[in-house]
Amino acid sequence: MDSGDASRCRNPDTLRGRARRATALAILIALGTGPVGAQDRPAPARAAPRPAPAAGAPADPVFEAMRAGFEALPEADRKAVQDALVWTGDFNAVVSGAFGRRTFEALTAYGARTGGADPLDPRGRAALLAAGAAARNAARFRVAVDPGTGAVMGVPERLLAKRTALPSGTRWQSQDGRVTLESRAFPPGAESLDALFEKATAPLPGRKVTYKLRRPDTVVVTAETGPGLSYIRYASGPEGVRGFLLGYDRALAPEVDRLVIAVANAFVPFPDPAAAPAAQLPSSPGPAPAARVAAHPAPQPQAAPLRPASLSPAPASGAGLAVAPGRVLTAVAVLEGCAQPRIGPVSARVLATDPAGLALLDVPGALAPLRPALRSEPVGAEESVITLAPGADGVQAAPGEARGGDVIAALQPGSGGAPVLDRSGALVGLVARYPAAPRRVAGVVPPARLPVVPARAISAFLAAQGIAAAAPHPGGGPGAVAPAVVGITCR
């Protein structure tokens with residue numbers, strides 16, 4: 001299927017089958033309202049402040065209250081909420097983490113329809129994320145590296161069950177051929193954005209171009225062809241040009257509309273090898289080898305400010321907690337297959353392990369030991385907790401909820417062995433295990449449920465190793481523990 005005649009294969013419609021809505025979707029995807037890859041304008045780390053109302057115009061208190069609640073969430077949580085609203089059918093924009101009228105209307109519509117808890121409080125947000133995950137799982141939506149192009153693609157595999165390898169990409173189709181998704185890649189010098197733009201916008205009988213955008217590194221074109229519409233996107237980078245073509249019959253709009261947005265959200269034309277999902281969309285089963293990551297230096301004694309968990313993957317295989325001079329506590333799972341664990345430039349040696357899933361490392365010269373007070377009473381159902389893990393920009397804080405001995409939080413790779421704390425800074429437990437290939441949505445790992453080694457097991461293990469219990473640190477909070485969190489890498 002040539003890029004100039006992509007719309008002839010009974011292709012797409014966007015939102016109610018009207019060219020006006022197709023154009024709106026193209027603008028939303030193309031004009032920087034959401035993440036579309038490393039070559040596009042990134043989403044803000046924090047939601048941009050909403051302009052003040054014009055003089056004399058009263059502020060909308062409901063809007064402002066919802067905005068405040070939304071922007072108080074970490075970026076990963078904001079994006080997870082928007083992504084869930086895409087899957088519930090309430091949000092028809094691109095996930096960016098920024099609050100605006102569309103997010104407000106989506107949250108309002110979802111709340112009114114479900115009649116449940118506020119979707120921004122912990123209980124209501126958990127219900128929303130669960131609803132979004134259920135819809136996403138029902139579609140078997142998989143975000144992974146496309147081996148045909150090297151781009152990250154999101155594919156609704158339940159609908160697009162037919163897969164064909166192409167000379168320069170991959171084609172996915174529905175069984176009846178009414179929905180088609182194709183990925184394309186051109187090596188440097190083989191094709192230019194200008195040439196692809198000309199092909200995609202050239203006049204053809206029966207086709208009407210409804211929207212076109214040409215940027216230095218991006219091309220977006222939508223067109224209608226009677227029974228459907230087409231959506232074409234290309235991006236250029238040092239590796240050449242990569243893109244995708246999506247089409248579906250307008251009669252399928254109620255079913256496919258949200259999938260169009262989800263595919264656009266997931267597309268990353270030139271992923272960072274260290275940040276790309278480990279899984280692939282292969283022509284034969286089997287995951288791709290995990291990307292090698294750089295060692296993360298041990299934290300300095302001075303406490304750095306905590307950062308919200310972000311899209312940046314942790315540059316470590318796991319996390320540890322310095323609990324005594326030269327001693328680091330971590331989870332056994334972090335050391336599986338790790339012949340030579342290291343903390344910064346220093347080699348670590350396993351001193352002891354425990355059936356509960358704990359390991360104690362000997363790390364000569366380990367900095368900033370701190371034994372946080374252990375949480376003595378059980379964590380309440382859905383109680384708020386904070387997980388600290390090493391990240392590319394220092395220690396990152398991921399808020400979450402305790403649930404039946406587990407933690408539900410948007411933890412990024414490198415969080416195995418990370419300490420889980422209550423709001424006072426008392427140690428609730430350690431993340432026992434992190435998945436080797438976590439599910440990603442639009443490049444970010446959304447909130448997931450992970451097992452925790454409880455505080456009582458930690459207390460018994462450290463006591464057996466001769467490490468005395470710590471006294472509480474009044475008023476320290478989770479931030480006081482940050483200097484003792486270290487990254488563990490494997491060589």
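Visitor: What makes Arg-67 and Glu-64 a pair separated by about one helical turn?

Guide: Both belong to helix 2 (residues 61-71), where they are 3 residues apart, and that spacing corresponds to about one helical turn. A helix here is a DSSP run of H or I with at least four residues, a strand is a run of E with at least two, and both kinds are numbered from the N terminus. Residues are numbered from 1 along each chain as its sequence is written. The model is predicted, so local features need pLDDT of at least 70 and side-chain atom pairs count only at pLDDT 80 or more, whereas totals for chains, interfaces and linings use all residues, and side-chain values use heavy atoms, with hydrogens and water left out.

Visitor: Why is the contact between the side chains of Arg-67 and Glu-64 called a salt bridge?

Guide: The term asks for a side-chain nitrogen of Lys or Arg within 4 Å of a carboxyl oxygen of Asp or Glu. Between Arg-67 and Glu-64 the N to O distance is 2.5 Å, so the pair meets the definition. Arg-67 also forms a salt bridge with Glu-71, at 3.3 Å between the closest N and O atoms, and these two residues, 4 apart in helix 2, are again separated by about one helical turn. The structure holds 17 salt bridges.

Visitor: How do you know that Arg-67 is buried?

Guide: Buried means under 20% relative accessible area, exposed means over 50%, and partly exposed lies in between, with a 1.4 Å probe and protein chains only. Arg-67 has a relative accessible area of 18%, so it falls under the cut-off. Glu-71 is buried as well.

Visitor: What does the salt bridge of Glu-182 with Arg-171 tie together?

Guide: The closest N and O atoms of Glu-182 and Arg-171 are 2.6 Å apart. Glu-182 lies in strand 5 and Arg-171 in strand 4, so the pair ties together parts that are 11 residues apart in sequence. Glu-182 is buried, with a relative accessible area of 1%. Elsewhere, salt bridges that share partners join Glu-64, Arg-67 and Glu-71 into one network.

Visitor: Why is strand 5 described as mostly covered?

Guide: In strand 5 (residues 179-186), 8 of its 8 residues are buried. Val-179, Leu-181, Ser-183 and Ala-185 point one way, Thr-180, Glu-182, Arg-184 and Phe-186 point the other way, and all are buried. In a regular strand the side chains alternate between the two faces of the sheet.

Visitor: What makes the buried residues of helix 6 line one face?

Guide: In helix 6 (residues 193-201), Leu-193, Leu-196, Phe-197, Ala-200 and Thr-201 are buried. Seen down the helix axis, these residues fall within an arc of 120 degrees, so they line one face of helix 6; the arc is taken from the directions from the helix axis to the C-beta atoms.
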